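Me: I'd like to learn how to read side-chain contacts in a model. Could you walk me through some with me?

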Amino acid sequence: MKKKYIVLFLFFLGCAEDKPEQALYDVKLNKLEDNSFEDVWSDNLISVPIHFNSKKIPREELFSSIEYLHLETTPASYFGPVDQLEFSDDQIIILDKKTRGVFVFDKAGNFQFKIDQVGEGPTEYRIPKCIAYNPFHEHIEVLDNTRGLIQRYSAEDGRYVSTLDLGMGVRRFTALDSSTYLFVVDSYQFNDQRYAQVEGLKKQLLIAHEVENSIKIVSQHIKYRENSGVPNFGVNQNIRVDSRTGSPLVNITYNDTIYEVSQNRINRKYYV
């Protein structure tokens with residue numbers, strides 16, 4: 001059977017003009033060069049053997065029980081794609097990027113409220129990159145990378161509480177204690193004056209303290225590591241919780257190690 005190919009040619013007409021390059025983000029970078037970094041490694045590696053010919057694991061071996069929960073459907077609670085699903089002790093929190101809304105249900109499936117603060121104002125967000133539940137303050141936190149902000153709303157009723165100015169874009173984040181965050185950082189950060197890689201920042205983890213609604217980075221971790229060819233988990237750099245320790249676990253793209261993060265150090269916990 002002959003294969004068919006479609007080839008598209010794009011033609012650009014017009015004269016080139018000397019126009020200033022447009023910034024992708026309007027964040028301030030928080031003067032990252034002024035931060036002093038101190039690594040706090042503590043190795044306790046556990047090898048996780050993965051084989052390409054491993055047999056399929058039956059579902060019943062992964063879960064002790066499976067329950068189905070009906071979420072209340074009202075005109076106010078309709079959502080589209082579930083881009084992110086988070087849990088608190090008594091709530092289910094859903095991010096729908098299509099509507100840019102955050103929908104909150106109780107554990108019985110009853111709709112509680114929706115966070116819909118889309119805009120340019122000081123209490124609003126433009127485009128939600130991701131969300132997180134902060135158990136130390138009982139906040140639902142929405143990351144707006146276009147402005148380098150985390151907007152914080154009450155988990156009780158969705159009212160605006162405060163803004164954390166990151167001064168940079170991040171991929172994922174979670175609170176380690178009442179004033180300390182873990183950030184998963186991409187390679188490039190931009191503002192009006194800079195269009196290149198920030199020195200020292202690649203795919204890595206940052207631990208930062210909150211200081212007067214801004215952050216001070218206190219440690220950075222994980223240099224680029226070439227993938228050995230084994231299956232790579234968490235290519236979106238999601239943050240998960242270790243069911244045994246309660247500590248966050250994170251994996252960086254093209255890195256064969258899963259890291260466990262505590263308030264004081266980062267362990268290279270699992271090697272795949």
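This is a predicted model: local features need pLDDT of at least 70, side-chain atom pairs count only at pLDDT 80 or more; totals for chains, interfaces and linings use all residues.

Me: Let's begin with charge. How many salt bridges does a search of the whole structure find?

Reply: The general idea is that side chains of opposite charge can pair when their charged atoms come close. Here the search of the whole structure turns up six salt bridges.

Me: Which residue forms a salt bridge with glutamate 210?

Reply: That partner is arginine 152, with the closest N and O atoms 2.8 Å apart. The pair links distant parts of the chain, since glutamate 210 belongs to strand 12 (residues 204–211) and arginine 152 to strand 8, 58 residues apart.

Me: Is glutamate 210 buried or partly exposed?

Reply: Buried means under 20% relative accessible area. Glutamate 210 has 21% relative accessibility, so it counts as partly exposed. Arginine 152, at 4%, counts as buried.

Me: What about aspartate 144: which residue does it form a salt bridge with?

Reply: Aspartate 144 pairs with arginine 147, and their closest N and O atoms are 3.4 Å apart. Aspartate 144 is buried, with a relative accessible area of 0%, and arginine 147 is buried as well, at 15%. For another case, take aspartate 157 and arginine 159, whose closest N and O atoms are 3.6 Å apart. Aspartate 157 is partly exposed at 38%, and arginine 159 is partly exposed at 47%.

Me: On to the rings. How many aromatic pairs are found in the whole structure?

Reply: The search finds seven aromatic pairs. One of them joins tyrosine 125 and tyrosine 153 edge-to-face, 6.3 Å centre to centre and with 80° between the planes. Tyrosine 125 sits in the loop between strand 5 (111–115) and strand 6 (130–134), while tyrosine 153 is in strand 8 (residues 149–154), 28 residues apart. Both tyrosines are buried.

Me: Why is the pair of phenylalanine 173 and tyrosine 181 tilted?

Reply: Look at the angle: planes over 60 degrees apart count as edge-to-face, and under 30 as stacked. The planes of phenylalanine 173 and tyrosine 181 are at 45°, with ring centres 6.3 Å apart, so the pair is tilted. Phenylalanine 173 and tyrosine 181 are both buried. Rings can also gather in a cluster, as Phe79, Phe103, Phe105 and Phe111 do.

Me: Finally, which residues gather in a patch of negative charge on the surface?

Reply: Those are Asp89, Asp90, Glu138 and Glu156. Aspartate 89 lies in the loop between strand 2 (84–87) and strand 3 (91–96), and counts as exposed because its relative accessibility is 77%.

Terms used:
Residues are numbered from 1 along each chain as its sequence is written. Side-chain values use heavy atoms; hydrogens and water are left out. Patches are made of residues with over 30% relative accessible area and no salt bridge: like charges are joined within 9 Å, nonpolar side chains (Val, Leu, Ile, Met, Phe, Trp, Tyr) within 5 Å. Accessible areas come from the Shrake-Rupley method with a 1.4 Å probe; for residues, only the protein chains shown count as cover. A salt bridge is a side-chain nitrogen of Lys or Arg within 4 Å of a carboxyl oxygen of Asp or Glu. Lys and Arg count as positive and Asp and Glu as negative; His and the chain ends are not counted. The place of a charge is taken as NZ of Lys, CZ of Arg, CG of Asp or CD of Glu. Helices (H or I, at least four residues) and strands (E, at least two) are DSSP runs, numbered from the N terminus. Buried means under 20% relative accessible area, exposed over 50%, partly exposed in between (1.4 Å probe, protein chains only). Rings of Phe, Tyr and Trp (its six-membered ring) pair if their centres lie within 6.5 Å; planes under 30 degrees apart count as stacked, over 60 as edge-to-face and the rest as tilted.
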